[in-house]
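The report that follows concerns a predicted model.

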Amino acid sequence: MIQNLPWLFLLLPLVVAAIDWLCFSKCPRTAATLSTLSAVATFALCVAYLNGWQTGTPDVYTWLPTATEGMISLSMGLVTDALAMRMMLVVTGIGTLVHIFSLGYMKGDASNLSRYFAGLSIFMFSMSTIVLADNLAMTFIGWEMVGFSSYLLIGHWFNKASAADAAKKAFITNRVGDFGFIIGILLTLAVFGTISFAEMGGKAAGIAPAVLTVTIICLFCGAVGKSAQFPLHVWLPDAMEGPTPVSALIHAATMVAAGVYMLVRLQVSMGAEAFTETACITIASVGAITAVLAALMALQQDDIKRVLAYSTLSQLGYMVMAVGLMAGEAAMFHLYTHAWFKALLFLGAGAIIICCHHEQDIWKMGGLAKRMPLTVLCFLMGTFALIAIPGFSGFFSKEAILHAALETCPVFFWVGAGVAALTTFYMTRLCLVAFCGQARAHGAAEAKEAGPTMLLPLLALAVMAIISGYGFIADNLVPFTGFEAHGFELGMPFYVSMGSLALGLAAAFLVYGCGKRTTDPLAGNCLSNALRKRLFIDSIYDKGLVGGIQEYGSQIIEFADAALIRGVIVQGFAWLTAKFGMLLSWIQNGSLRGYALVAGIGIIILMFILAFTIPTI
Amino acid sequence: MTPLAHYLIFSGILFSIGLAGVIIRKNIIVVFMCLEMMLSAANISLVAFSRAQGVNGVPVYDAQVLALFIVAIAAAEVAIGLALIVAMFRARKSVESSTLNSLKD
Amino acid sequence: MESAISSILFYVFAAAAVLCAFGVVAFRNPVSSAMNMALCFGFTAAVYFGMGAQFLGIVQLIVYAGAILVLFLFIIMMLDVKAEEHVRKSFPMACIGVIIAGIFAGFVTKVAISLPGATDGPCPALVLCDTIGDLAPGAIEEKPAEETLAPYGAAMPKLNPAAAAMTLGADEATAAKATAFPDTKLMGQALFTKYNIPFVILSFALLAGTVGAVALGRKIRKD
């Protein structure tokens with residue numbers, strides 16, 4: 001009985017979501033409290049597990065039993081190893097803080113509160129399913145469920161057309177990746193003979209490298225969709241239409257990291273030998289490209305949330321790159337520190353947005369440091385962690401990745417260093433513009449410190465953003481078995497990253513000064529416009545891909561509709577019926593003589609049958 | 001004495017002439033006359049059978065009674081049919097059966 | 001001798017009736033058709049008389065040739081029906097009608113002359129098959145084939161006034177002296193005893209017909 005406690009991670013949020021949705025849609029306060037309590041409970045449970053409270057293996061439930069020999073029966077089980085439980089700490093920890101933050105953030109939207117918190121609880125359930133799944137099929141279920149809850153939460157304000165579109169875009173873009181993912185799962189089943197993580201180990205040795213490459217890349221497709229890697233990255237910036245706490249939880253800290261987690265989980269289960277060189281280079285390249293492109297695009301964004309969104313993309317690129325470089329522990333370390341400080345940044349941004357009366361444009365802020373110092377301080381902590389100032393958590397994890405890159409493939413090291421400079425530049429730009437100088441708009445002028453429900457999570461996250469990189473925390477909590485935060489060593493990676501940090505800071509201060517400017521001095525040229533327009537990737541997708549698919553799709557549908565359905569089925573049957581009707585109406589010609597004729601023929605036939613075919617008695 | 005077969009053939013010929021008339025003629029009154037002729041031809045068969053089936057020189061009067069009934073029904077039919085023809089003539093100013101084709105449209 | 005004459009008369013009247021029937025179909029003027037039909041009914045009545053069915057013959061004359069035909073003529077006159085037009089147009093139809101009628105007549109002839117024993121003389125087995133009950137499948141199987149199948153093809157049996165009189169209830173001595181065949185009496189007996197109720201019901205049918213004719217014939221008021 002007691003060994004089944006981990007199922008609570010899944011069932012508690014699910015039940016709460018159902019209750020919120022079905023019973024408390026009219027009492028938003030109760031629904032919100034219930035949801036928050038469930039998050040707190042799962043967090044407590046997670047902490048208990050991390051402190052060595054082992055209860056044994058949870059029961060495995062056979063989901064789709066198959067009697068036939070040689071078939072795989074799908075089961076539902078949980079893994080409670082260090083990797084899963086430490087990932088759960090991130091999920092439940094940030095989840096709890098986001099729940100608490102949402103209590104304050106969503107105060108003005110009480111009518112939809114139950115729906116919002118039900119969505120959050122569903123998300124907690126789905127994310128826990130991914131993390132704790134003991135086989136790929138269950139992962140996939142969680143995978144789709146997070147997609148669904150992400151859809152619900154991005155489209156929370158579905159009355160806004162942009163939110164509804166963004167939700168749709170996120171969902172559909174994820175479908176593309178999921179298509180590859182499910183093929184990958186099936187390939188895994190075919191190649192490894194199992195989809196259970198526990199049974200995969202050591203089977204990769206006897207398999208042809210080409211097959212392994214295809215399998216891994218297909219599985220990686222799922223990660224590309226969910227972790228918003230190039231070329232499927234387009235949905236994540238748009239997903240910022242959702243409420244900011246949702247962006248913090250789902251689109252920064254946890255869900256988008258699920259792809260990285262899944263890859264690392266595969267690396268751990270299949271063994272490093274399953275990741276062939278081609279697959280690794282593909283993964284690392286995709287990560288690097290995403291990191292660079294996203295960092296470039298972040299340079300010229302004005303929306304505070306979008307800057308953070310592109311920054312998230314860029315950091316996810318880092319993590320994927322690390323996975324591709326076979327540095328799973330570095331990837332998870334960065335995932336772990338990034339989750340805290342990016343959640344902090346998003347929640348801080350959320351607090352700023354709320355306090356500035358829903359103003360998201362950084363050029364309409366300014367001078368916030370004076371009006372809401374505590375929030376800004378927390379935000380700065382997050383920024384320092386993100387730009388990897390030594391001593392903050394992000395520094396250690398970024399250093400770990402750069403280390404791994406330098407050891408494996410120096411090209412990626414230089415890419416990482418360049419991205420670090422870009423990151424420093426755009427984050428400094430954001431802080432300088434938003435926090436220094438004078439208020440440039442009415443909303444920012446009236447801003448004042450956020451309420452305690454928002455400040456407390458910020459403070460908690462700020463503490464984590466600072467300390468989570470240090471060995472005494474990281475060695476225990478980084479979701480990787482046997483991980484040791486080796487801190488930093490004075491060496492080439494350190495000097496290079498310090499150089500890029502200094503370069504970014506200097507450039508940003510040079511361009512933006514101390515908040516004196518009211519417009520972006522870099523704006524207006526063609527490069528800036530291209531970056532603002534996201535390097536036209538979205539437009540290409542919209543016009544070329546979506547438009548093309550729609551055009552050709554519509555032609556196919558038009559053909560199917562016009563030629564097959566209308567032409568053959570509808571009109572064909574109509575024609576047939578009409579012709580048959582004409583034939584019958586020729587008989588039914590209203591002419592008395594015609595009827596008499598037919599009757600006469602009938603009499604003759606009847607007579608023939610009666611008199612000449614039936615044998616006489 | 002004439003055999004039954006000849007009566008039956010006579011009756012059949014009369015009936016088929018009536019049938020041909022019904023098919024060929026357009027004038028609905030004549031068509032109706034031909035119908036009456038067909039009924040009458042059937043009566044001939046009945047009477048012939050009545051005679052041929054007779055027991056001990058006495059015909060079977062069941063058949064003749066049936067023939068009488070047919071005559072009576074024919075009379076009623078003619079009454080109604082001619083009333084219908086009159087009504088039709090009032091409506092269409094014609095007794096051509098080809099004008100009775102409003103079911104077609 | 002008597003039978004020969006009546007036989008000849010039958011053929012004469014039958015031929016005349018068929019001719020008149022042709023006339024009904026062939027004449028384009030409805031009045032000529034009606035007249036031909038009257039003649040046809042008259043000859044048919046004569047055939048009835050020849051078969052000894054005097055009552056039906058009279059009824060044929062009175063009802064058909066008298067009442068019905070007069071009614072037809074009356075309507076034709078009243079509606080002032082012109083001779084049929086566009087005969088040529090319906091030539092294919094006429095052909096088809098003639099063909100169908102020909103096939104029908106051929107079938108009837110074929111059936112009639114293929115009746116068992118149609119060309120044989122009078123059949124002694126006539127008496128055996130006297131009621132419908134004897135024609136039931138079970139009854140037939142018990143009898144020899146020739147006996148049961150004979151009556152259809154045989155010549156008409158002679159009318160027997162004596163037997164008829166006995167059927168009407170006369171004693172044997174009176175019956176033996178009977179010379180004329182009491183057709184009408186027998187008919188009346190059948191009508192008012194065995195078929196009394198159908199006869200009464202038929203009168204209702206006639207009444208309904210009359211009422212219907214009146215209802216159809218009256219002018220429909222515009223309001």
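Chain B has three helices and zero strands, and its elements, followed from the N terminus, run α-α-α. The chain comprises 105 residues, of which 64% count as buried. Among the contacts in chain B with a separation of 6 or more, residues 24 or more positions apart account for 51%.

The interface between chains B and C brings 80 residues of chain C into contact with 64 residues of chain B. On the side of chain C that touches chain B, at least two residues each are supplied by α1 (2–26), α2 (30–50), α3 (54–79), α4 (91–113), α7 (161–167), α9 (183–194) and α10 (196–217) of chain C, and the largest share, 13 residues, comes from α4(C). The composition of this side of chain C by class is set out below.

| Class | Side of chain C that touches chain B |
|---|---|
| Nonpolar | 62 residues |
| Polar | 15 residues |

When neighbours within four places in sequence are left aside, Ala331(A) is in contact with Val260(A), Val264(A), Met319(A), Ala322(A) and Val323(A).

Terms used. Residues numbered from 1 in each chain as written. Chains lettered and ligands numbered in written order. Predicted model: local features only at pLDDT ≥ 70, side-chain atom pairs only at ≥ 80, totals over all residues. Contact = placed C-beta atoms within 7 Å. Helix = DSSP H or I, 4+ residues; strand = E, 2+ residues; numbered from the N terminus. Nonpolar A, V, L, I, M, F, W, Y, C, P; charged D, E, K, R; others polar. Buried ≥ 20, exposed ≤ 12 C-beta atoms within 10 Å, placed from the backbone.
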